[in-house]
Amino acid sequence: MSKRMHRYTSEEGAFIRAHAKGITSEELTALFNKHFALNLTAQQIRSYKHNKHILSGIDCRFKLGRNPTYKGKGWPPTHFKKGNIPGNRREVGSERVDVDGYTKIKVSEHKWLPKHKAIWEAANGPIPKGHHLMFADGDKSHISLDNLILVTQAEELLINRRRLLSNDPELSRSGALVAKMLDTAFKRKKDLKKKREGK
């Protein structure tokens, strides 16, 4: 069962502030509980200090030259021995689906790429800067070249704002063309305005 929230009095707060310097939260808790006949935890005192920006002044950083407690003991156990292969290691070419629903493919020992991007770039080269790939039918699991549409960030914004993406690939491609024309018209209008203003 968790401890009930303690409402600190001004006297208790002053005590913590006056005694916090140079001692740990555990030591301060023992002093506090003895003085006020309470039974708070170190975490409760620690939280109060944090909320009130009260510092102990103790430097808890690891000192240069100090040996770690696990030195010579084979710790920490999460370290793999040289040449050891973890049981969850995936082969290059393996696939997985991330939390956003995109299929990713392992292209090297430590690199995963979205599968649709890898397929598109294998056929067309690197995706130009400022461009994205969209699925024509809106289905992230339908990964094929003919289901991918290359759009700029501005075009993607227009497609989303005007709801030009459909589960019908042809309608989505038409929507992408509409977005491209709208973006081109907007840029031309912007350029004309700059010329008129002499910029």
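Student: Are Phe 32 and Phe 36 buried or exposed?

Tutor: Both Phe 32 and Phe 36 are buried; buried means under 20% relative accessible area, exposed over 50%, and partly exposed in between, with a 1.4 Å probe and protein chains only. This is a predicted model, where local features need pLDDT of at least 70, side-chain atom pairs count only at pLDDT 80 or more, and totals for chains, interfaces and linings use all residues. Residues are numbered from 1 along each chain as its sequence is written, and side-chain values use heavy atoms, leaving out hydrogens and water.

Student: Where do Phe 32 and Phe 36 lie?

Tutor: Both are in helix H2, 4 residues apart, about one turn of the helix. Helices (H or I, at least four residues) and strands (E, at least two) are DSSP runs, numbered from the N terminus.

Student: Okay, how many aromatic pairs are there?

Tutor: The count is 6. Rings of Phe, Tyr and Trp (its six-membered ring) pair if their centres lie within 6.5 Å; planes under 30 degrees apart are stacked, over 60 edge-to-face, and the rest tilted. One of them is Phe 15 with Phe 36, edge-to-face at 5.4 Å centre to centre and 80° between the planes. That pair links distant parts of the chain, with Phe 15 in helix H1 and Phe 36 in helix H2, 21 residues apart.

Student: Which residues form the aromatic cluster?

Tutor: Tyr 8, Phe 15, Phe 32, Phe 36 and Tyr 48.

Student: New topic: which residues of helix H5 are buried?

Tutor: Glu 155, Leu 158 and Ile 159.
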